[in-house]
Amino acid sequence: MAVQDISTYSYKDIFSLSVIQFEKACVFNNPEQIDAYNIYWIKDGKGVYNIDFESYAFDDNVLFFLSPGQVFSVESEKIKEAYKLTFVRDFYCIQAHDKEVACNGILFNNVYETPFIKPCESDTNKLNFILESLIDEFKKEDVTAQYDMLQAYLKQFIIHSVRIKKEHHIIKNNDETKLFKDFSLLVEQNFKTLHSVTNYANRLGVSPKSLTKHFQKIGTQTPSGFIKNRIILEAQRQLIYSTNSVKQIAYHLGFNDSAYFTRFFKKATSKSPLQFKKDYKN
């Protein structure tokens, strides 16, 4: 996005709203690692975004949700109207709110789900009203309780987005998939230190065989593949965005033998860690 064509409203560097209204093609090849929560609403436009090394093509009226740590880049875009909400954890602590409003596995902090939703016309009108209210609040000279007002509008925007996701997208939240969600949460919390299916099965109170059968029943990847993919994703992030050596990254991800880590990475990606880093930056 061309910076000169973006108007931004900010509150103390912890919450901001950017308004983009122009129509021109743009390509931003240098990926960046997100350090705050971001909501992109492409209301009128099209393009291709890369998120955590996966490409997502879009065409008009789509919302993307990005969490700290994710890798984002623009492969191509032509935007006529768009909005970007950015906030830090301290402004709206996602983990502290109601489970669904907190977007636990629905909008944010979930690398296992598609990171976007498409609102219908009614949804669009509701989200428009919230954004207009946000802009009015940012412009007020009387800033009494402005923090609370801005936070309230952000919460409304997130609540409506969760409802859109639940209404128009398949959400893994029934009893049959509860074990899957419990497993995915455990992996997210422990993948740097626990690598075996047995570790997670024991914590969930089931046998590794039962866990594997459950995954087969709901039609998802195997538990071992799930763990492996999360480790590989973190390795890719660190290879691109840290100055650590392959040995340091391996140790950070729970591998005592960097040579074994290299074989593990190459088997999953068909490239050595150093080759992946070189290819991605070129």
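A residue counts as buried when its relative accessible area is under 20%. Phe-226 has a relative accessibility of 2%, so Phe-226 is buried. The model is predicted. The points below cover its aromatic pairs, nonpolar cores and salt bridges.

**Aromatic pairs**

- A pair of aromatic rings is described by the distance of the centres and the angle of the planes.
- The count of aromatic pairs comes to 30.
- In one of them, the ring centres of Phe-180 and Phe-226 are 5.6 Å apart and the planes stand at 85 degrees, so this pair is edge-to-face.
- Phe-180 belongs to helix H3 (residues 178–190) and Phe-226 to helix H6 (residues 223–241), so the pair ties together parts 46 residues apart in sequence.
- Phe-180 is buried too, at 6% relative accessibility.
- Phe-183 and Phe-215 also form an edge-to-face pair, because their planes are at 85 degrees, with centres 5.0 Å apart.
- This pair links helix H3, which holds Phe-183, to helix H5 (residues 208–218), which holds Phe-215; the two residues are 32 apart.
- Phe-183 is buried at 0% relative accessible area, and Phe-215 is buried at 1%.
- Ring pairs also join a cluster whose members include Phe-53, Phe-255, Tyr-260 and Tyr-280.

**Nonpolar cores**

- The largest nonpolar core has 31 residues, and those touching the most other members include Phe-15, Ile-39 and Phe-157.
- Among the elements that each supply at least two residues of this core are strand S2 (15–33), strand S3 (37–51) and helix H2 (146–168).
- Helix H2 gives the most, with seven residues.
- Beyond its neighbours within four places in sequence, Phe-157 is in contact with residues including Ile-39, Trp-41, Leu-63 and Leu-127.
- A second, separate core of 28 residues includes Phe-191, Ala-201, Phe-226 and Ala-235.

**Salt bridges**

- Side chains of opposite charge can pair when their charged atoms come close.
- The whole structure holds six salt bridges.
- One of them joins Glu-81 and Lys-43, at 3.6 Å from N to O.
- Glu-81 is in strand S6 and Lys-43 in strand S3, 38 residues apart.
- Glu-188 and Arg-230 meet in another salt bridge, at 2.8 Å from N to O.
- Glu-188 is in helix H3 and Arg-230 in helix H6, so this bridge ties together parts 42 residues apart in sequence.
- Glu-188 is partly exposed at 30% relative accessible area, whereas Arg-230 is buried at 3%.
- Arg-237 forms a salt bridge with Glu-234, with the closest N and O atoms 3.5 Å apart.
- A network of salt bridges links Asp-52, Glu-188, Arg-230, Glu-234 and Arg-237.

Notes. Residues are numbered from 1 along each chain as its sequence is written. This is a predicted model: local features need pLDDT of at least 70, side-chain atom pairs count only at pLDDT 80 or more; totals for chains, interfaces and linings use all residues. Side-chain values use heavy atoms; hydrogens and water are left out. Rings of Phe, Tyr and Trp (its six-membered ring) pair if their centres lie within 6.5 Å; planes under 30 degrees apart count as stacked, over 60 as edge-to-face and the rest as tilted. Helices (H or I, at least four residues) and strands (E, at least two) are DSSP runs, numbered from the N terminus. Buried means under 20% relative accessible area, exposed over 50%, partly exposed in between (1.4 Å probe, protein chains only). A nonpolar core is a set of buried Ala, Val, Leu, Ile, Met, Phe, Trp, Tyr and Cys residues joined through side-chain atoms within 4.5 Å. Contact means heavy atoms within 4.5 Å. A salt bridge is a side-chain nitrogen of Lys or Arg within 4 Å of a carboxyl oxygen of Asp or Glu.
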